[in-house]
Amino acid sequence: MGRCEDRVTSLFLHLCLLFFGRCLCKEQINLCRPSHRTDDGDGLCARLIRPLGYPCFEHTVQTKDGYLLAVQHIPHGRGANRGNYGPPIFLQHGLFEGGDAWFLNSVEESLGFIFADHGFDVWVGNVRGTHWSHGHVSLSEKKREFWDWSWQELAQYDLVDMVAYVYSITNSKIFFVGHSQGTIMALAAFTQLDIVNMIEAAALLSPISYLDHITSRFVLRAVGMSLDKMLLRMGIHQLNFRSDFSVEIMDSLCDGHLDCNNLLSSITGDNCCFNMSRIEFYLEYEPHPSSTKNLNHLFQMIRKGTFGMYDYGIWGNLKKYRHLHPPSFDLSKIPKSLPLWMAYGGNDALADVTDVKHMLMELPSKPELLYLDSYGHIDFIMSTNARADVYENLIRFFKSWGWRSSF
């Protein structure tokens, strides 16, 4: 569609608001914007969300460095009053996850569906390289350059550009929820005022920043073997655990050293309430690919005990940062005025309690905290008890910031 004339757009919006309400009008008026809404018959909306009775729209967001990211929009729950939507909420998944992570349990147990049924205007992010996102404007996924990124770029580009896109459509500050890698992206991004100004309040599930007290047996063995450096030297730049090569790597890490009969526990810690009967269904969607450079960045942090940018070595750092060492992300720059809510668990082998407390000491504010001694890393998005244990508390927190629904 060509450039929309202001008067025509204004008239269309007025009529649309009259008949349909805010969110659906935003969906329609956005057709005047170039190349952002997509209709992918095999996307997350078609595969997982619409079949369960929820409205869902596919969008594509182009990052400043050219990646094409899928964002799903669920404007309301089943049977909701279409003219009375709540505020926008943005969900950001973790490492080796995609936007599907918020919808893999039943509609009564999955946070994405629960938010929609509580009247929130739900938006779901998918970072570069995941199955749902759409590649790059010029780079092939088979090229090394496509995978030349870590969570640093996910924070500085993917998260900022997706949130800015949702903000531009809804014209409203956004509630943010992140899990695992989604939290490290958020904490890094929130040190920049441009994104904080678009956020109403943020919730971090299994928050990650410092990683030097990690207890994951599987990860610590991989770090000790310098697996990340080995893969980079071999020219392996994409980590896809559905490939035969990656399965062989997993086997070599486990063989004779770890009991990987329960691989999830070896990686994340014991999860109290994970529904093992749905594991085959989960594996239809996850794990998603990531980059070896991303793994290398996380392992750098484990080795050094820092919450910092990617280390390119002395000469690379001088070229990239004009410093011998990579700069740290300064958590004290996250504004005290940004309301934060965090949930963490005593069995989490990735977001260790000691590291969470280290992060909390550096924040200028005092987030509202929920600690669950029996919860592991995955429980916060997959637990069959999370609705009562976590989500009711989380929704109460968001509603306390000036919004009341009819639910």
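The side chains of D161 and K64 form a salt bridge, with N and O 2.5 Å apart. Because D161 belongs to helix α5 and K64 to the loop between β2 (57-62) and β3 (68-74), the pair ties together parts that are 97 residues apart in sequence. The model in which this pair is found is a predicted one.

The two partners are placed in contrasting surroundings. D161 is buried, its relative accessible area being 9%, whereas K64 is exposed at 64% relative accessibility. The cut-offs behind these terms are under 20% for buried and over 50% for exposed.

## Further salt bridges

In the whole structure, a search finds eight salt bridges. Side chains of opposite charge can pair when their charged atoms come close. Another of these pairs is that of R128 and D65, whose side chains meet at 2.9 Å, N to O. This pair also links distant parts of the chain: R128 is in the loop between β5 (121-125) and α5, D65 is in the loop between β2 and β3, and the two are 63 residues apart. R128 counts as buried, with 2% relative accessibility, while D65 is partly exposed at 25%.

K304 and D311 form a salt bridge as well, and their closest N and O atoms are 2.1 Å apart. Here D311 is buried at 18% relative accessibility, and K304 is partly exposed, with a relative accessible area of 43%. Elsewhere, salt bridges that share partners join D65, R128 and D158 into one network.

Helix α5 covers residues 151-170, 20 residues in total. From the first C-alpha to the last it reaches 26 Å, close to the 28 Å expected at 1.5 Å a residue. The helix has a kink of about 25°, and this kink is centred on D158. D158 is also a member of the salt-bridge network with D65 and R128.

Of the 20 residues of α5, 15 are buried, so the helix is largely enclosed by the rest of the structure. Just after α5 comes N171, which takes a positive phi of about 55°.

## Helix α13 and its cover

Helix α13 (residues 292-304) has 13 residues, which should span 18 Å at 1.5 Å a residue; its end C-alpha atoms are 18 Å apart, in agreement with that value. The helix is mostly covered, with 11 of its 13 residues buried. Among the buried residues are K293, N294, N296, H297 and Q300, together with L295, L298, F299, M301 and I302.

Which elements cover the buried residues of α13? The cover includes the helices α5, α6 (181-189), α8 (217-224) and α9 (227-233), along with the strands β8 (238-239) and β9 (290-291). After α13 comes G305, whose phi is positive, near 70°.

## Helix α17

Helix α17 is made of 14 residues, 386-399. Its first and last C-alpha atoms are 18 Å apart, close to the 20 Å expected at 1.5 Å a residue. Buried positions in α17 include V390, Y391, L394 and I395, as well as F397, F398 and K399.

## The surroundings of C272

C272 is placed in the loop between α11 (263-268) and α12 (279-283). With a relative accessible area of 36%, C272 is partly exposed. When neighbours within four places in sequence are left aside, C272 is in contact with S374, Y375 and D379.

## A nonpolar surface patch

I314, W315, L318 and L324 make a nonpolar surface patch of about 460 Å². L324 is located in the loop between α14 (313-321) and β10 (340-345), and at 47% relative accessibility it counts as partly exposed.

## The chain as a whole

The protein chain contains 17 helices and 11 strands. It has 407 residues, of which 57% count as buried. Among contacts with a separation of 6 or more, residues 24 or more positions apart account for 76%. The chain exposes about 17,800 Å², and carbon and sulfur atoms supply 53% of this area.

Technical notes
Residues are numbered from 1 along each chain as its sequence is written. This is a predicted model: local features need pLDDT of at least 70, side-chain atom pairs count only at pLDDT 80 or more; totals for chains, interfaces and linings use all residues. Side-chain values use heavy atoms; hydrogens and water are left out. Patches are made of residues with over 30% relative accessible area and no salt bridge: like charges are joined within 9 Å, nonpolar side chains (Val, Leu, Ile, Met, Phe, Trp, Tyr) within 5 Å. Accessible areas come from the Shrake-Rupley method with a 1.4 Å probe; for residues, only the protein chains shown count as cover. A salt bridge is a side-chain nitrogen of Lys or Arg within 4 Å of a carboxyl oxygen of Asp or Glu. Helices (H or I, at least four residues) and strands (E, at least two) are DSSP runs, numbered from the N terminus. Buried means under 20% relative accessible area, exposed over 50%, partly exposed in between (1.4 Å probe, protein chains only). The expected span of a helix is 1.5 Å times one less than its number of residues. The bend at a residue is the angle between axes fitted to the seven residues ending there and the seven starting there. Contact means heavy atoms within 4.5 Å.
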